[in-house]
Amino acid sequence: MQLAAILAEVVPQGHYVGGIVRSSLLKRQSSDIDITLPAADVKQAAQTLAKRLHAAAFEMDPELGVWRLVTHQDKIQIDLTAYQGKDLAADLRRRDFTFNSLAYPVSAKPQIVITPRAHETAHILLKRLRRSLIVDETGGLADLKAKIIRLNGKERFVEDPLRMLRAFRCAAELKFKIAPATLMQIKKNAPLISQPAGERIKEELDRLFAVPGVLYDFLSQMDACGGRRA
């Protein structure tokens, strides 16, 4: 049985969310599959999927309700996450940027294209996505089309300041522009950037520095948001 069919059978109430939906709409591969579903269903779904897919499964974050599975053969990584909020709509509105706040029903069985990678997790692409089935609570589809990175609520940077660096990294990787209001919010919250763990900051900077031809522009933009004081 195909992976999409197994997922639809085990988690028909779930939705593909975040990077896998955004990247697939841009025809870019993703490193994992993210699925969100009601909190009460996550543990049982993870255990059932582990058996069906011959995958290793472990609870990554008991507080947030996150389980991770990695298949033994193809090294496909699947993260199952409880709704952050009362339902799917609330979960999407609490995500970092509008283009990451898109969801697609698992029950729709999109085509899943898997590209194995030696010694690493496989790359994934969802195909045959029907626009009419995409759940868009924050205008993410319009921003994706316009190539704009827009903050999904002012409190998002306070919840996780690393998202400020993520905005620049995503803009560099995708050749997108950061919305002016989002840049203003980064400048306002810039002092918070010392809060995340050093390894998380390093990972974002490493990915930014790996993008050819854009480093000076984005470093200048980051410096301008740093809020220099006389």
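Visitor: Do β4 and β5 run parallel or antiparallel?
Guide: The model is predicted, with local features needing pLDDT of at least 70 and side-chain atom pairs 80 or more, while totals for chains, interfaces and linings use all residues. Residues are numbered from 1 along each chain as its sequence is written, and side-chain values use heavy atoms, without hydrogens and water. Strands are DSSP runs (E, at least two residues), numbered from the N terminus, and two of them pair if DSSP finds at least two bridges between them. Five bridges join β4 to β5, and their direction is antiparallel.

Visitor: Which residue of β5 stands opposite Arg68?
Guide: Five bridges link β4 and β5. Opposite Arg68 stands Asp79.

Visitor: Which residue takes a positive phi in the hairpin of β4 and β5?
Guide: Five residues lie between these strands. The positive phi is near 60°, and it belongs to Lys75.

Visitor: What residue takes a positive phi in the hairpin of β3 and β4?
Guide: Six bridges join β3 to β4, running antiparallel. Ala57 stands opposite Leu69. Four residues lie between the strands, and the phi near 75° belongs to Gly65.

Visitor: Which strands stand at the edges of the sheet?
Guide: The open sheet has seven strands with mixed pairing, in the order β3-β4-β5-β2-β1-β6-β9. Two of them have a single partner strand each, so one side of each lacks a neighbour in the sheet: β3 (55-61) and β9 (135-136).

Visitor: How many residues of β4 are buried?
Guide: Buried means under 20% relative accessible area (1.4 Å probe, protein chains only). β4 is largely enclosed by the rest of the structure, because its buried residues number five of the six.

Terms used: Buried < 20%, exposed > 50% of the residue type's maximum accessible area, 1.4 Å probe, protein only.
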